[in-house]
Amino acid sequence: MFFKFQTTESPLEGMNIFTGVLPIIILLYTVPIYCWYWSVAKGINSKLPEEARMKFTRFRFFFFFPLIYIILLTLTISISTSLFGTTPTFPGPQSPDTFLPLLFLGIGVFFLIHLFAVFCTFYVIYFIAKSIKSAELQRKVTSSDYIGEFFLIWFFPIGVWFIQPMINEIVSREVDQQLSQ
């Protein structure tokens, strides 16, 4: 026979490699983006006119919540796969009467925390987009003014090529004004 139709391996056998590498990939992608978010928000907020400044304390909370959530989620994935393998076994009674309600409660709590982390991420993107446009126009802006920047930041790998030159122009304009005085 040229092909082996039966296998003794579990179909989830290769998942340990995937779930071991996945948290690293997530962190390597997320942490630099959040570092960029922080540096832009912190740098641009100081260049805003007084009437256009936003509350940075609120931004801090909405910034750190999803970042901590992502770090804890990736740690949980890597630790649980190293402890349990691909098919976790749970100690204690396995009756559906006790296990299923706890499972659904856990999934519900996880889902709510995940939705809040997504909301926080959208707030961070909103804050940065509004700050960039306010610094560029040097006035208080409306949502129609900065909606393009919002979507460019949301689709980061493409949008950064358009947003970063705008940020560089704002910073260089500020430096030129300081040098001319």
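## A first look at this predicted model

F61 is partly exposed, with a relative accessible area of 45%. Please keep in mind that the model is predicted. The mean pLDDT of the chain is 81, and 76% of its residues reach 70 or more.

**Confidence along the chain**

- Among the elements of the chain, helix α4 has the highest mean pLDDT, at 94, while α1 has the lowest, at 83.

**The largest nonpolar core**

- The largest nonpolar core has 36 residues, and those touching the most other members are W36, Y37, I44, F59, I128, I132 and I153.
- Five helices each supply at least two residues of this core: α1 (15–45), α2 (56–84), α3 (96–137), α4 (143–154) and α5 (156–180).
- Helix α3 provides the largest share of the core, with ten residues.

- The structure holds 32 aromatic pairs.
- One of them joins F61 and F116, whose ring centres are 6.2 Å apart; the planes meet at 50°, so this pair is tilted.
- Because F61 lies in helix α2 and F116 in helix α3, the pair ties together parts that are 55 residues apart in sequence.
- F116 counts as partly exposed, at 31% relative accessibility.
- F116 also forms a tilted aromatic pair with F62, with 6.2 Å from centre to centre and 55° between the planes.
- This second pair links distant parts of the chain too, as F62 is in helix α2 and F116 in helix α3, 54 residues apart.
- Is F62 buried or exposed? F62 is buried, because its relative accessible area of 11% is under the 20% limit.

**Two residues to look up**

- I113 lies in helix α3, and at 35% relative accessibility I113 counts as partly exposed.
- Which residues does I113 touch, not counting those up to four places away in sequence? They are F65 and Y69.
- I113 and F65 are 48 residues apart in sequence, and their C-alpha atoms are 9.7 Å apart in space.
- N45 is found in helix α1, and N45 counts as buried because its relative accessibility is 11%, under the 20% limit.
- Setting aside neighbours within four places in sequence, N45 is in contact with V40, R53, M54, F56 and F127.

**The second largest pocket**

- The second largest pocket has a volume of about 390 Å³.
- Its lining is made of 19 residues, and those nearest the centre of the pocket are Y29, T30, Y34, I70 and T121.
- Helices α1, α2, α3 and α4 are the elements that give two or more residues to this lining.
- As background, empty space left between atoms shows up when a probe the size of a water molecule is rolled over them.

Conventions: Residues numbered from 1 in each chain as written. Predicted model: local features only at pLDDT ≥ 70, side-chain atom pairs only at ≥ 80, totals over all residues. Heavy atoms only, no water. Core = buried A, V, L, I, M, F, W, Y, C linked by side-chain atoms within 4.5 Å. Buried < 20%, exposed > 50% of the residue type's maximum accessible area, 1.4 Å probe, protein only. Helix = DSSP H or I, 4+ residues; strand = E, 2+ residues; numbered from the N terminus. Phe/Tyr/Trp six-rings, centres within 6.5 Å; stacked < 30°, edge-to-face > 60°. pLDDT = per-residue confidence, 0-100. Contact = heavy atoms within 4.5 Å. 1 Å grid on protein atoms, 1.4 Å probe; cavity = no way out; pocket = protein on both sides within 12 Å on 5 of 7 lines; lining within 4 Å. Points joined across faces, edges and corners; volume = space filled by probe spheres on them.
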